[in-house]
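Subject: Structure handover

Hello,

Here is the structure we discussed, passed on for your own work. My notes on it follow below.

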Amino acid sequence: MNTDRRHFLKIAGISAFALSAGLAGRAAEAAVAPGKYEHGPNTLHAGRWGMVIDTRKFPSEADYLPLIKACHEAHNVPNQPGPHEIKWMWLAPYKEGFPDDENHYGPEKFKTGKFPLLCNHCENPPCVRVCPTKATYKMEDGIVAMDYHRCIGCRFCMAACPFGARSFNFIDPRIAMPSDKAPNPAYPTRMPGVVEKCTFCAERLAAGKLPACVEASGGKILFGDLNNPKSDVRKALAENFSIRRKPSLGTQPGVYYLV
Amino acid sequence: MYNGKFIIAAALVVLVLFTSPFWLSKGGYKRPDLQLPANEKECVETVDFMRAEHMQMLNEWRDQALRSENRVYVALNGKKWEISLQNTCLKCHNNTEKFCDACHVSNSVYPYCWTCHIEPKGKGDK
C-alpha cells in the first residue's frame, strides 16, 4: 500500500509540474496584436531626464504659481485643499524642503521664501522598490512613472518616498473636477484609491513637447539629459552652485535647484 | 438500489432545473446592434480581431505606451495609430453608450474605463 501511495504522489507531482509549466509558457506568449510598436516620430529622448530650477529668477513665491497652474491643468489635478490635497508640484519653505541644511545663517529667502517641490525622479527610487504590483516603475530615460491601472492603493510608495511627492486619492477626484470640466480633455483623471504624482510629463515628451512647468517658466526652469555633458542642464550645473533635496539619502534626485 | 425510483426522479428534476437556462432562453443570444462610427470604415485591425481581442490589445497598448514609451502602433496594413484609448479609440467610437455598453451590458461585462478616462461628451460622472 505504501509503495502505491508513493508512486501515486510521484506521478501527481510530475503531472502538476508539467501542467503548470505548460500554463506558464502560454501566459508568457508573445504579443496579442499582430502589428508592431514604435516610438512616436517627435518623441524627445534622453539617457536620464533631469530638471534644473533657477530659483534666483523667481523673486517671490507668486512667480511659481503659473507653473503649478500649468502642471495641474495639463494633468487634470483637482483643487481640493486640506487633508485630501493632490499635489504634483507644490510650494514649501526651505526648511521643509531641504532639511539636510543645518546652517544657522543663510540668505533671507532660506528663512522666508518658498521653494517649488515635485517628484525628483530619483536614480534609486525607493517608491519603485516597495511597490508590490509594479504600478510604479523607472523607465529607460530615468522617469519614475505610474500605471494607475495597476495601483492597488496600498500607499507603500508614499511611506517610502522621502520627498512627500505622492498623493493618495482619498476621495473621488471627480467630485472636485467632473470629467466635463476637466481642463485637459485629452488626459485622463484619476479614480479614488490610487496614488498619483508628477510624471515629468512623459506624455508631452512623447509628443515632442517639454514639460508643462518648463514651458510655463519661460526658460527659468531647464530640462534636459543629465547624461549628456553638452545639454543645457549639465552646462547650468557646471557653471552654477546647485543643491538637491535630501542628497544624503542616496536616492540621487534628478531635480536640481540653483540658489 | 434502495429507493431507486425516487433517486432517479429527483436526479432528473435537478438535471432539468440545472439546465433550465438553456431550455428557457428561446432563440439564444443575439448580438446587439452597435452604432458604428459614421465617418470611418476601418478600425485598427480587422473587425473579427477587434471583436475577439480588443481587451487584450488595450492591455498591450497600455503596457507598451506607459512602460516602453512605444506610443505608436503600426497595424498589419501599415497604418500608424497613436496609442490612446481616450484620443484614438474614442475619437471614432464617440458614443460609448451605443457602442461599448451595448455589448458589455448584454454580456454582463462591466469594465471601469470611465472612472479615469474621460468619456466623450462628459458622460463619465454618475
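How far apart do the C-alpha centres of domain 1 of chain B and domain 2 of chain B lie? The separation is 19 Å. The domain assignment behind that value puts domain 1 of chain B at residues 43-83 and domain 2 at 94-126. Please keep in mind throughout that this is a predicted model.

Chain A

Chain A is also split by its assignment, into domain 1 (1-36) and domain 2 (49-258). Taken over C-alpha atoms, the centres of these two domains of chain A are 46 Å apart. The secondary structure of the chain consists of 10 helices and 11 strands.

On overall dimensions, chain A has a radius of gyration of 23 Å, whereas a compact globule of 259 residues would have one near 18 Å. Along the principal axes, the box filled by the C-alpha atoms of chain A is roughly 85 × 45 × 40 Å.

Of the 259 residues in chain A, 46% are buried. The chain exposes about 13,800 Å², and 56% of that area is supplied by carbon and sulfur atoms. For contacts in chain A between residues at least 6 apart in sequence, 67% join residues at least 24 apart.

Two residues

A:Asp147 sits in the loop that runs between β6 (144-146) and α6 (156-160) of chain A. Is this residue buried or exposed? A:Asp147 counts as buried because its relative accessibility is 0%, and the cut-off for buried is under 20%. Not counting residues up to four places away in sequence, A:Asp147 touches A:Ala135 and A:Tyr137 in chain A, and B:Arg62, B:Asp63, B:Leu66 and B:Arg67 in chain B.

B:Cys92 belongs to helix α4 of chain B, which covers residues 85-92. With 19% relative accessibility, B:Cys92 counts as buried; the cut-off, again, is under 20%. Which residues does B:Cys92 contact, leaving aside its neighbours within four places in sequence? They are B:Pro37 and B:Glu40. The C-alpha atom of B:Cys92 is also 8.0 Å from that of B:Ala38, although these two residues are 54 apart along the chain.

Regards

Technical notes:
Residues numbered from 1 in each chain as written. Chains lettered and ligands numbered in written order. Predicted model: local features only at pLDDT ≥ 70, side-chain atom pairs only at ≥ 80, totals over all residues. Heavy atoms only, no water. Domains from an automatic or database assignment. Helix = DSSP H or I, 4+ residues; strand = E, 2+ residues; numbered from the N terminus. Rg over C-alpha atoms; globule rule 2.2 N^0.38 Å. Buried < 20%, exposed > 50% of the residue type's maximum accessible area, 1.4 Å probe, protein only. Contact = heavy atoms within 4.5 Å. Areas by Shrake-Rupley, 256 points an atom, 1.4 Å probe, with all protein chains shown as cover.
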